[in-house]
Structure formats: structure tokens, C-alpha cells
Amino acid sequence: MRAFSAFHSAKLSCLSKVVIFTTTTTPTITRTRLSFPAKPFSCQAQFADSEIDGSFSLKVVSPTLLAAEREEAKAVLSLFFKKQGLSNAVATRTINKSDHFIDHLIAKLHYIYKSRYLVGRELTTLEIRDALIPYLESLLEEHGNIVVDVVENFPNPPVKEKTVVPVSQPNPTLDSKKLKAMSRVSEIDPDGKLRPHILYLIELGLDLEKIRAITQRFPAFAYYSLEGKIKPVVEFLLDLGVPKSDIPTILNKRPQLCGISLSENLIPTMTFLENLGVDKKQWAKVIYRFPALLTHSRQKVKTTVEFLCEMGLSAESIGKVLTRSPNIISYSVEDKLRPTAEYFLSLGVDVAVLLFRCPQTFGLSIEANLKPVTEFFLERGYSIEEIGTMISRYGALYTFSLSENLIPKWEFFLTMDYSKSELVKFPQYFGYSLEERIKPRYALVKESGVSLLLNQVLSLSYSDFEKVLDKKVKKMLSNKDKSGSSDDLRSDNVH
């Protein structure tokens, strides 16, 4: 591994101030049943990233892929429930009663990634998780300990039942502070108007219920002044090029941003990150993807950057990684990044290349995600060196589900006229839709009676694929005509 170079002194000498922010803990889910107000039930967290209904034509999605996606969505939901303290049995039972909510999650995926479906590219397990986990967390923030009931009864409100005492009693002091903050959101002045900062937030696109939900998990939000805190930050974000329509999502994800001093913390932190290579022209996208980046301490960022340097990434590459995948800062270096790097090094993978091409791979579990994929290919006759080559060429390979992606595509590959080594050359095969891309195109190749490289079959646009196929067919027919003429000539000479 390359040692941490002079980049440390050149880029990190300015590390003096540390931005520290408090975080809130996520409440444990309990099976408490509460009655809802007598008004139409609406899920404020619905499509937190898009603010739309998620409708998408299912005509472009095959039944097989839909079934696979449902299983992936169920797995994500199960993981989410277990993380909140539910047992495996309770999580499974809840999911089995939540078909409408699963359909709702699938619709969300189809909207977010609609361009991917149109070109026949399947989603990776990690992409599905990245889309659904934040949404589920926003539901938890909004509905607290009744989120299980929200899921089971979706799209209707939870059924009123006898209240069950929560497992852990709430802290009266904390509870009163939270209630006071939430009541402050709805307070009106003698003229019947809400507080100025609440009216401003509503004008931005945050409705009153969403503001209350934010305050519930981060009570300080109710006390931020309009002119001194909220408005300067919002205007700063707008000046950076953040669309006004994105502001509600950013504040919902990270309301702490409004509590940060622009001159003492936010701007110096951004300058610090720009010095590390973050593209200043991309700030609007970076903040929308991961607003928490600006609330991490510089020491946390420095620790991650030092690790990336140690792995062999250049200063320029680090900047691009932080720009494209800023959430890598949230991964623990010692608990997540380093063990994952050591695992890939054991496979002969160039970790610097993998970190640059597919940093999200380092968010996966070694035991639950990485090792099973390695064993899958070992069992099918590939060497460690070949597996290392495959992951180096296609970083997303380890993000796919075994049961819903790798296994069915492998089984179909065995019916194709290719050697196993073709997958070492083109592991991207596993990134294409089996029903929408692989099978139809391979059927056309077989029908034409010609041979194409696997990457020609899948990676070309449809028009280029048709051109290559047509060219191959014409060449084959031309060769047959020449062969036929030669046979006729030899026959004439004999006579």
C-alpha cells in the first residue's frame, strides 16, 4: 500500500478548526397502536427525495424483474425493521401483511431510476438500498414508534386499537422539551399568523406537518431565527445553484444546516473540502445527495481522506470521489473502510481503482455481501485471480443480489455459446437485465447464425447493435457465396 504522501502537508495543513454537531438518536420501534386525528391520512415522507407520486409505466418492466425487485424491497424493509429492534419473526410477519406498501416502494424505485429501466439496466442491491433506506428513515422520523402500523395499513391510517405501554419509558424532561418545541411550530400571534420562520419555511415548500416532523426529531429547529439562521443558509444554498424545489428535501434530511454559522463554519468547511478537490461547480448536487457532509467535523473528513491517500488515490481522484459519493465520509475508517479494503486486497484487487470507480461497494458487509459473492464464483471454477480481475473491471459486481441476479444470469449464461473466461473479460454482463436485454439480444444473434463478443451483444446501443449484427450477417453470406463459387469452379475443372 502506498504511504500517505506529501499530499498530507500540502492539502491538510489548514486543519485547525473542528466543526462539531450533535446528532439525535433514532427511536426504537414499538408495537404501540395510536389513534390518528379525524382527517385524511397522508404520509408526509412520501417520496422525500422527489415530492411526486412515483408513477411509472410498468410496461417496460418484465414480470420476472418485478418479482425480483419485490424480494429486494422486502429484504431492505426487513433489514430496516431489524435495525430498529424488531425480531426476525416480527419483521417477517409485518412484511407478509404489507403488500400495498411493498408495491409503493417498487413504484418509488421505478420513478427514481426510470431512465435505467428504459435502457434495460437492472438495479444493484446497493442502489435499491440507497433509494429506499433514506425514505424508510424519513417515515420513522415522521411517525416514530407507530411506523410498523403505518407500513401494515398503507395507504390507510393505522387502525385504532388498545394502546400498549412502550418497552422503555420516555424521559419526561426530554419529552417535555420536544412537545414544547413542536407546539411552538403551530403557535400563532394576536393577528392569527404563524411565526415568521414557519411562514418562510411553508413558502419554501415545507408544509406544517413536515415542519413538525422535523422538529420532533430535532427540537432546536423550532427555535432557529428567520433572519439570523434559516434565511441566510437558504439564500446561500440558492446562490450555490441549489434549486428552490430541492431546499425542502435538504432541510428535511439535515435540519442542523440551519444552525451552522455561515462565516465561522459552513463556508470554511466548504473551502476546506474544495481544497481537497471537491468540485465547487457541483456543490448543488453534492449537498442534495448528502447534506450531512457539511455537518461532519473536519477531523472526520481528514481521517477519511488520509485513508484514501493511504490506499493510493491521488488528490484529484479523492476530490472526484467526494464529489460523486460524499456519503463515503459517513463510513467508519476502522470499522468499515479498512477491513473492506483488506478483504479486496486479499483478492488481488487494486483498491485505489475500486474506491474511485465504485466507492459504494465499501458500504457493504463483508460477511453478508462480499464473501458470499466470492464463494459463488469460486464454486463455479473461477480462481481468486480471475475474481479479482472481474471486480477490478466492474466494481458494482459485488453489489448485486445472489439469488435475484447472479444465480439466474449465471444459469442463462451456461446456455450461451461462450466460455467462462468471457465473464472475466466482460463481468458487466451481470449489470444488464436478463429479460429485457440479455435474452432478447442473444436470441437475435442465434437466429442470425453469427457470432459476436459478449460485450458487443450487450453494451452497444440498439441501433449500433443492429448495424454490427447486419454487417456480420452480410459478411457470412458473402463468404458462403465465395465458397459456393469456388466449389462450382473446381467441379467444372474436373469435367
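User: Leaving aside its neighbours within four places in sequence, which residues is Val333 in contact with?

Analyst: In this predicted model, where local features need pLDDT of at least 70, side-chain atom pairs count only at pLDDT 80 or more, and totals for chains, interfaces and linings use all residues, Val333 is in contact with Thr303, Thr304, Phe307, Arg338 and Pro339, contact meaning heavy atoms within 4.5 Å. Residues are numbered from 1 along each chain as its sequence is written, and side-chain values use heavy atoms, with hydrogens and water left out.

User: Why is Val333 called buried?

Analyst: Buried means under 20% relative accessible area, exposed means over 50%, and partly exposed lies in between, using a 1.4 Å probe and protein chains only. Val333 has a relative accessible area of 6%, and therefore counts as buried. Its place is in helix α17, residues 333-346, a helix being a DSSP run of H or I with at least four residues, while a strand is a run of E with at least two, both numbered from the N terminus.

User: What makes Cys309 and Cys358 buried or exposed?

Analyst: Cys309 has 6% relative accessibility, so it counts as buried, and Cys358, at 4%, therefore counts as buried too.

User: How many disulfides does the structure hold?

Analyst: The structure holds zero disulfides, a disulfide being a pair of cysteine sulfur atoms within 2.5 Å.

User: Why are α9 and α11 called roughly parallel?

Analyst: The axes of α9 (residues 196-204) and α11 (residues 226-239) come within 10 Å and cross at roughly 15°; axes are lines fitted to C-alpha atoms, for helices over the stretch in contact, and angles run from 0 to 180 degrees between N-to-C directions. Angles under 35 degrees count as roughly parallel, over 145 as roughly antiparallel, 65 to 115 as roughly perpendicular and the rest as oblique, so α9 and α11 are roughly parallel to each other.

User: Which residues make the contact between α9 and α11?

Analyst: From α9 come Pro196, His197, Tyr200, Leu201 and Leu204, and from α11 come Leu226, Ile230, Lys231, Val234 and Glu235.

User: What makes α21 and α23 roughly parallel?

Analyst: The axes of α21 (residues 402-413) and α23 (residues 434-448) come within 12 Å and cross at roughly 5°, and α21 is therefore roughly parallel to α23. Where these helices meet, Pro408, Lys409 and Phe412 in α21 face Leu434, Ile438, Lys439 and Tyr442 in α23 as contact partners.
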